[in-house]
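Thanks for coming. I will talk through one structure, starting with the ligand and then turning to one residue.

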Amino acid sequence: MEFHVRPGGVLRGRLRVPGDKSISHRAIMLGALAEGETRISGFLEGADALATLRTFRAMGVDIDGPHQGRVTVQGVGLHGLRAPEGPLDLGNSGTSMRLLCGLLAGQSFDTTLTGDASLSRRPMRRVIDPLAAMGAVIESGQGGTAPLTVRGGQPLHGIDYELPVASAQVKSALLLAGLYARGRTCVTEPAPTRDHTERMLAGFGYPVQQEGRRVCIEGGGRLRGGEIEVPADISSAAFFLVGASIAEGSDITLEHVGMNPTRTGVVEILRLMGADIQVLNEREVGGEPVADLRVRSAPLKGIAIPEALVPLAIDEFPVLFIAAACAEGETLLTGAEELRVKESDRIAVMAKGLTSLGVTAEPQPDGMRIVGQPDWSGGRVHSHGDHRIAMAFTMAATRAREPIEIEDCANVNTSFPGFVELAGDAGLALSRGDAERRAQQRSNSP
Ligand code: S3P
């Protein structure tokens, strides 16, 4: 699937982007392992979170929905999952695969996890190695990649682990394995990463000890099901934060956005660049802070992005690069080598796309140097099947002189179902183009 975006556009109105992906995954996982019923609202009906949902159905969990974001999970308790009949296909979802490695390491049965071409290239040793230190047995392909087979029936024991990379997925995998481990499992992170697992465990009544960057849990406890209201995903809101900042005359309000301080790096970085973002109506919903964000267009300036903000905005760099491309002066990102192992190599793919629009974007091993300019040409860019890259380039059209065509956009559905319609309602001239339509145009042309 392709996106075609006409140049220009002004973003206006109030919108609510879909539910948070990270929280949606965890709600299904912990709801399934809990005792009693868990009622989720605001669940993200995107392919990644649905892959997690299907996985637990395949392991015998009764899950009703989603119906307009409502899902009801009948928890089976920590030891109630059943062996699935075949391999579990997690599609494009790194979060599902890494968190499940930890959770499945504690089961009595074997499971095989598979994924699409992108997921099958992503590094899994970062979870396999520390889980092995806990006693888990996980077989991988050469190079530590999927498909993975998690052997059941292995007694696990707690470890004290220092994460070599700031990764919430690895931290969460170890904490989930820690539910099944003898003794205490502690994880220390080099920099704060998203803490939804810790918050939700506590919300389900499981004791979690947090001391600075070290989090510990004791195995052998119980989870109690309950209500979870999933806020709108700040990572999806990010496209509109940037779009409205750079499209002159824009004034948009994004409703009910999750504002967990481990996720708000994008707001901080944009503000450092001069963006006009107001945080309104702050409140707490189900243990997570939430607010409405009003964004009005403003002239941006280039900055050296503070490295401490990198893990707090790790998924937002594709669209932050678009902001940098129209900021006055130079923007420098460093300390972000993790971007090379996301759904695509986001440094290489963004640099290539920006360069093809005529922007100076120099990839670095751990980041990017971008020289801003007032506008750019249009043309074709390739998203390499990466949802966030596809959506980032749609926002680039607000400053383009000619249309932008973006290839390989079907995966936008992994995190943001309804993106085309919502972006269109907000004021972007965006449509789905596809091969058939192009072929038809060719056959109609004289
Ligand atoms: C996620 C953690 C991040 C993020 C991903 C979702 C999570 O990955 O990039 O989209 O839900 O835990 P890392 O922990 O690998 O940085």
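How far is an oxygen atom of the ligand from an N or O atom in the side chain of D315? The distance is 2.6 Å. Keep in mind that this is a predicted model, so please read "distance" as a computed value.

In S22, a polar side-chain atom lies 2.7 Å from an oxygen atom of the ligand. For K342, an N or O atom of the side chain is 2.7 Å from a ligand oxygen. As for cover, the ligand taken alone exposes 380 Å², and the protein buries 95% of that.

Now the surroundings. The space that the ligand takes is the largest pocket. Around the ligand are S22, R26, T95, R98, S167, A168, Q169, R194, I314, D315 and K342. Which helices each supply at least two residues of this shell? They are α1, residues 21-33, α3, residues 94-105, and α5, residues 168-178.

Next, the single residue, R346. You will find R346 in helix α10, which covers residues 346-356. Is R346 buried or exposed? R346 counts as buried, because its relative accessibility is 0%, and the cut-off for buried is under 20%.

What does R346 touch, leaving aside its neighbours within four places in sequence? The contacts are D315, P318, F321, L339, R340, D386, H387, R388 and I389. D315 is in that list, and D315 is also one of the residues around the ligand. That is where the two parts of this talk meet.

Notes. Residues numbered from 1 in each chain as written. Predicted model: local features only at pLDDT ≥ 70, side-chain atom pairs only at ≥ 80, totals over all residues. Heavy atoms only, no water. Helix = DSSP H or I, 4+ residues; strand = E, 2+ residues; numbered from the N terminus. Buried < 20%, exposed > 50% of the residue type's maximum accessible area, 1.4 Å probe, protein only. Contact = heavy atoms within 4.5 Å. Near = heavy atom within 4 Å. Polar contact = N/O pair within 3.5 Å; in protein donor to acceptor, adjacent residues only side chain to side chain. Areas by Shrake-Rupley, 256 points an atom, 1.4 Å probe, with all protein chains shown as cover. 1 Å grid on protein atoms, 1.4 Å probe; cavity = no way out; pocket = protein on both sides within 12 Å on 5 of 7 lines; lining within 4 Å. Sits in = over half its atoms within 2 Å of the grid points.
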